[in-house]
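Some notes on the model follow, as numbered points.

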Amino acid sequence: MPHHFPPDSVGLVTPQTLRFEKPLALDCGRSLAEYELVYETYGTLNADHSNAVLICHALSSDHHAAGCHEGADPNKPGWWDNCIGPGKPFDTREFFVVCCNNLGGCKGSTGPTSINPENRKPYGPDFPIVTVKDWVRSQARLADRLGIRCWAAVIGGSLGGMQAMQWAITYPDRVRHALVIAAAPRLSAQNIAFNEVARQAIISDPDFHHGHYYEFGVVPRRGLMIARMLGHITYLSDEGMRAKFGRELREGTLNFNFDTEFQVESYLRHQGKAFVDRFDANTYLLMTKTLDYFDPAADFDQDLSAAFHRAQARFLVISFTSDWRFAPARSREIVRALVRAGREVSYSEISSEYGHDAFLMPIPLYHEALRGYLIPVAREANGRTPEPACAITPPAVEINAHAA
Amino acid sequence: MRPELELISAWIRPGARVLDLGCGDGALLAYLREHRQVNGYGLEIDSANIVQCIQAGVNVIHADLEAGLEDFGDSSFDYVIMTQTLQAVRHTERLLDEMLRVGRQGIVTFPNFGFWRGRLQIALHGLMPVGKALPYQWYDTPNVHLFTIRDFEALCRRKRIDILQRMVLDHAHQPRLGPRLWPNLLGEIALYRLGRA
């Protein structure tokens with residue numbers, strides 16, 4: 001039975017795949033002789049190809065950012081469906097939205113689960129550790145193939161925001177706007193520490209087999225599950241968890257055993273188990289390393305503003321008050337460097353108790369900021385001149401909230 | 001507010017780099033961008049105002065002025081502007097210092113507490129002044145420091161801040177003869193362009 005999608009949904013979507021046969025040199029010194037990228041697009045590319053927007057995904061998501069696949073549960077659309085669609089902040093009536101699964105992923109792009117052409121076996125742990133810069137270079141080739149010379153905007157949250165930053169640095173003339181949400185200029189020791197615990201959970205699982213678990217017909221379920229449970233704690237906030245679970249007991253009474261007693265335990269186990277069924281452990285290891293390695297300032301004598309000096313894009317940086325994984329202070333580091341580099345930037349700190357996950361939530365002020373920022377971007381991309389004095393000097397405005 | 005925008009705008013060199021402290025909905029920056037081709041940023045703490053700035057295409061940075069301007073380097077702006085904000089911050093002196101550290105010049109506007117109507121309200125009725133420039137009741141005002149033109153100039157002298165230009169507006173927000181002759185009595189709003197040698 002055909003499902004009727006709401007009017008602001010992109011509806012049924014089908015992933016596409018492109019094969020790249022020119023070798024891609026990687027930061028680690030190795031190169032990929034050939035690779036595939038799976039991607040989805042929403043909206044229509046305009047005549048001069050100026051309305052394309054790239055969405056970069058975070059650690060564990062993929063190319064399926066909006067709409068629904070044929071036969072899938074219509075109540076479970078793509079991961080950023082609340083932002084992408086007609087009339088939504090990334091308005092598909094205005095923009096041609098592209099989202100690809102990154103290299104090293106496990107959702108169709110070449111990664112550890114793909115067959116290594118050299119030995120006809122899955123790459124597994126032999127898949128090279130790729131960096132954000134490698135991703136950006138591979139995405140640039142995708143843009144070339146799609147006929148997109150310059151993105152109207154590159155947008156991402158968390159690890160996705162890092163890609164948006166890297167795009168603006170690596171390809172200054174190919175990005176007009178970079179939207180960097182809930183990101184950080186590089187990981188802190190604490191961030192790396194959490195990643196390391198997650199990796200050790202996977203690596204020490206007896207079913208890991210040094211990453212060659214495919215050959216044994218098993219997956220390191222327990223390790224990957226614990227890694228995800230740990231990660232999930234860092235995506236939520238203390239206040240958010242308290243509001244959602246408190247100390248609520250599943251059976252209303254203490255049982256004095258190690259079964260799941262508290263609701264929060266049950267929730268984490270469920271998240272962990274569900275993740276094992278949809279994600280590959282080698283990809284998880286690789287993506288956490290990609291995060292650890294991200295450090296655009298390292299190429300510029302540890303000077304982040306020097307890195308941004310070459311960027312030409314305008315920036316919108318957004319953080320969330322209860323995010324402690326990449327706290328607002330980390331976003332302010334980005335903003336400070338951008339200001340020092342003389343770049344155009346706006347920064348908004350959104351009040352939220354959702355923690356790091358807030359960037360995926362339909363928080364009204366947050367979505368208004370995204371929408372408000374992108375309306376003039378769409379106007380510029382689609383060649384419409386701004387309305388005269390576009391809300392620049394509305395009548396009888398007060399200069400300041402405190403003003404007389 | 002319009003005359004104030006125009007008067008400030010007249011003081012700004014075209015193409016200058018400006019920082020607007022407490023930029024509200026970004027009206028001044030949008031006006032300066034249009035009429036003086038400035039570039040720069042506004043600092044603002046209110047989220048709804050920030051969204052309005054973003055919508056207007058004005059660069060706005062979420063910041064608390066009370067925390068100072070440590071994210072900004074010395075003399076990194078041609079002008080640092082503070083319209084109707086100085087009376088609403090706690091650390092007035094520190095912010096003035098910060099302003100003239102980060103900006104080559106500072107532009108400040110504030111309501112003059114010495115305006116004759118306010119003096120009359122206190123003298124005749126014994127009540128705190130409420131009027132166009134100071135519209136709040138004593139219990140709900142965001143203004144934590146009320147001061148007069150003479151107070152402000154005394155502070156500038158003490159802090160060795162140079163007053164490069166002054167404009168005093170009357171009740172109709174016009175720079176007429178009266179407030180020019182008796183600024184502290186007939187001026188309702190004061191505008192200053194400041195520098196430090």
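1. Over all chains, 34 salt bridges are counted. The model is a predicted one.

2. In chain A, Asp205(A) pairs with Arg222(A), with 3.7 Å between the closest N and O atoms. Asp205(A) sits in the loop between α3 and α4 of chain A and Arg222(A) in helix α4, 17 residues apart. Asp205(A) is buried, at 6% relative accessible area.

3. Arg222(A) also forms a salt bridge with Asp207(A), at 3.3 Å from N to O. Because Asp207(A) belongs to the loop between α3 and α4 of chain A and Arg222(A) to helix α4, this pair ties together parts 15 residues apart in sequence. Asp207(A) is partly exposed, with 23% relative accessibility.

4. In chain B, Arg101(B) and Asp74(B) form a salt bridge whose closest N and O atoms are 2.8 Å apart. The pair links helix α4 of chain B to the loop between β3 and β4, across 27 residues. Arg101(B) is partly exposed at 25%, whereas Asp74(B) is exposed at 57%.

5. Shared partners join Glu93(B), Asp97(B), Arg158(B), Lys159(B) and Arg196(B) into one salt-bridge network.

6. Which residues of helix α6 of chain B are buried? They are Ile149(B), Phe152(B), Glu153(B), Leu155(B) and Cys156(B). Viewed down the axis of α6(B), they fall within an arc of 155° and so line one face of the helix. Arg150(B), Arg157(B) and Arg158(B) are exposed on the other side. The cover over the buried residues includes α4, β5, β6, α8 and β7 of chain B.

7. Just after the helix, Arg160(B) has a positive phi of about 55°.

Definitions and conventions:
Residues are numbered from 1 along each chain as its sequence is written. Chains are lettered from A and ligands numbered from 1 in the order in which they are written. This is a predicted model: local features need pLDDT of at least 70, side-chain atom pairs count only at pLDDT 80 or more; totals for chains, interfaces and linings use all residues. Side-chain values use heavy atoms; hydrogens and water are left out. Buried means under 20% relative accessible area, exposed over 50%, partly exposed in between (1.4 Å probe, protein chains only). Helices (H or I, at least four residues) and strands (E, at least two) are DSSP runs, numbered from the N terminus. The arc is that of the directions from the helix axis to the C-beta atoms. Contact means heavy atoms within 4.5 Å. A salt bridge is a side-chain nitrogen of Lys or Arg within 4 Å of a carboxyl oxygen of Asp or Glu.
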